[in-house]
Each structure stands twice: as structure tokens, then as C-alpha cells.
Amino acid sequence: MYSLYYGDSFVFETPERTGYTFLGWYDGNEKLKGTVWKFTEDKTFKAKWQINQYQFAADCDQAKGQVSGTSLGTYDYGTEISVSAIP
């Protein structure tokens, strides 16, 4: 939290969060444009994030066995998947 006074300027930093993409700073539903603002009233801004997604695929020689477990597909960051090789 920052304390600013009437007429102060503020530069927003771009935050980092593992497994997420930063979409911007928001005042309610409105995305802030630019990087420097002057404030004339109390405001609360929130960071908006989008979770990263990753594709999972498994390939094997069908003559030697198969793969079972979690389905192939796209998963959100932090999703636990389980895969086993079956001879």
C-alpha cells in the first residue's frame, strides 16, 4: 500500500507472479493506460492476472506399451497430473 497526497504523481511497477501473466492495473473494470498518474481523490487499484496454461502430451511406441493417466490437453499452472508407463 502506498500513501500519496493530493497532486502527487505515481509510477506503477509491473509486478511478477509465478505462473501468471500480468494484464494490467485496473480501477474497477477500467484498465489504466499509461504509466504515470496524478491523483485528485482516493483510489484503489487492483492488479489483474491471467493464469498461464501449458500443453501436456505423451508419446510412446505402441508396440512396446502404452501411457495411462491424465488426459492429453491444456492445463493451468499448478495443476497436478499423473502419468504411468504400462509395458
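## K31 and strand β3

K31 lies in strand β3 of this predicted model. Its relative accessible area is 40%, so K31 is partly exposed. Setting aside residues within four places in sequence, K31 makes contact with L23, G24, W25 and Y26. Q50 sits 19 residues away from K31 along the sequence. The C-alpha atoms of K31 and Q50 are 14 Å apart in space.

Strand β3 pairs with β2 in the antiparallel sense, over 2 bridges.

## The three-stranded sheet

What is the strand order in the open sheet of 3 strands? The order is β3-β2-β5, and the pairing is antiparallel. β3 (30–31) and β5 (46–51) stand at the edges. Each has a single partner strand, so one side of each is left without a neighbour in the sheet.

β2 covers residues 20–27. Its antiparallel pairing with β5 runs over 6 bridges. Two residue pairs across these strands can be named. F22 stands opposite W49 in β5. G24 stands opposite K48, also in β5. A general point applies to such strands. In a regular strand, side chains alternate between the two faces of the sheet.

## F22 in strand β2

F22 belongs to strand β2. Is F22 buried or partly exposed? Its relative accessibility is 22%, so F22 counts as partly exposed. The cut-off for buried is under 20%.

Leaving aside residues within four places in sequence, F22 touches T14, P15, A47, K48 and W49. W49 is also the residue that stands opposite F22 in β5. A57 is 35 residues from F22 in sequence. In space, the C-alpha atoms of F22 and A57 are 27 Å apart.

## E16 in the loop between β1 and β2

E16 is placed in the loop between β1 (9–11) and β2. Its relative accessibility is 78%, so E16 counts as exposed. E16 and W49 are 33 residues apart in sequence. Their C-alpha atoms are 9.8 Å apart in space.

## V36 in strand β4

V36 lies in strand β4, which covers residues 36–38. Which residues does V36 touch, not counting those up to four places away in sequence? They are S9, F10 and V11. Strand β1 covers residues 9–11.

V36 and Q55 are 19 residues apart along the chain. Their C-alpha atoms are separated by 37 Å. K31 and Q50 are also 19 residues apart in sequence, with 14 Å between their C-alpha atoms.

## The whole chain

How many helices and strands does the protein chain have? It has 0 helices and 9 strands. Read along the sequence, the pattern is β-β-β-β-β-β-β-β-β. The radius of gyration is 22 Å, well over the 12 Å that the globule rule gives for 87 residues, so the protein chain is more spread out than a compact globule. Along its principal axes, the C-alpha trace spans about 70 × 20 × 20 Å.

Of the 87 residues, 14% count as buried. The protein chain exposes about 7,400 Å². Carbon and sulfur atoms supply 47% of that area.

## Contacts and charges

Consider contacts between residues at least 6 apart in sequence. Among these, 43% join residues at least 24 apart.

The protein chain carries 8 positive and 11 negative charges.

Technical notes:
Residues are numbered from 1 along each chain as its sequence is written. This is a predicted model: local features need pLDDT of at least 70, side-chain atom pairs count only at pLDDT 80 or more; totals for chains, interfaces and linings use all residues. Side-chain values use heavy atoms; hydrogens and water are left out. Two strands pair if DSSP finds at least two bridges between them. Helices (H or I, at least four residues) and strands (E, at least two) are DSSP runs, numbered from the N terminus. The radius of gyration is taken over C-alpha atoms; the globule rule is 2.2 Å times the number of residues to the power 0.38. Buried means under 20% relative accessible area, exposed over 50%, partly exposed in between (1.4 Å probe, protein chains only). Contact means heavy atoms within 4.5 Å. Accessible areas come from the Shrake-Rupley method with a 1.4 Å probe; for residues, only the protein chains shown count as cover. Lys and Arg count as positive and Asp and Glu as negative; His and the chain ends are not counted. The place of a charge is taken as NZ of Lys, CZ of Arg, CG of Asp or CD of Glu.
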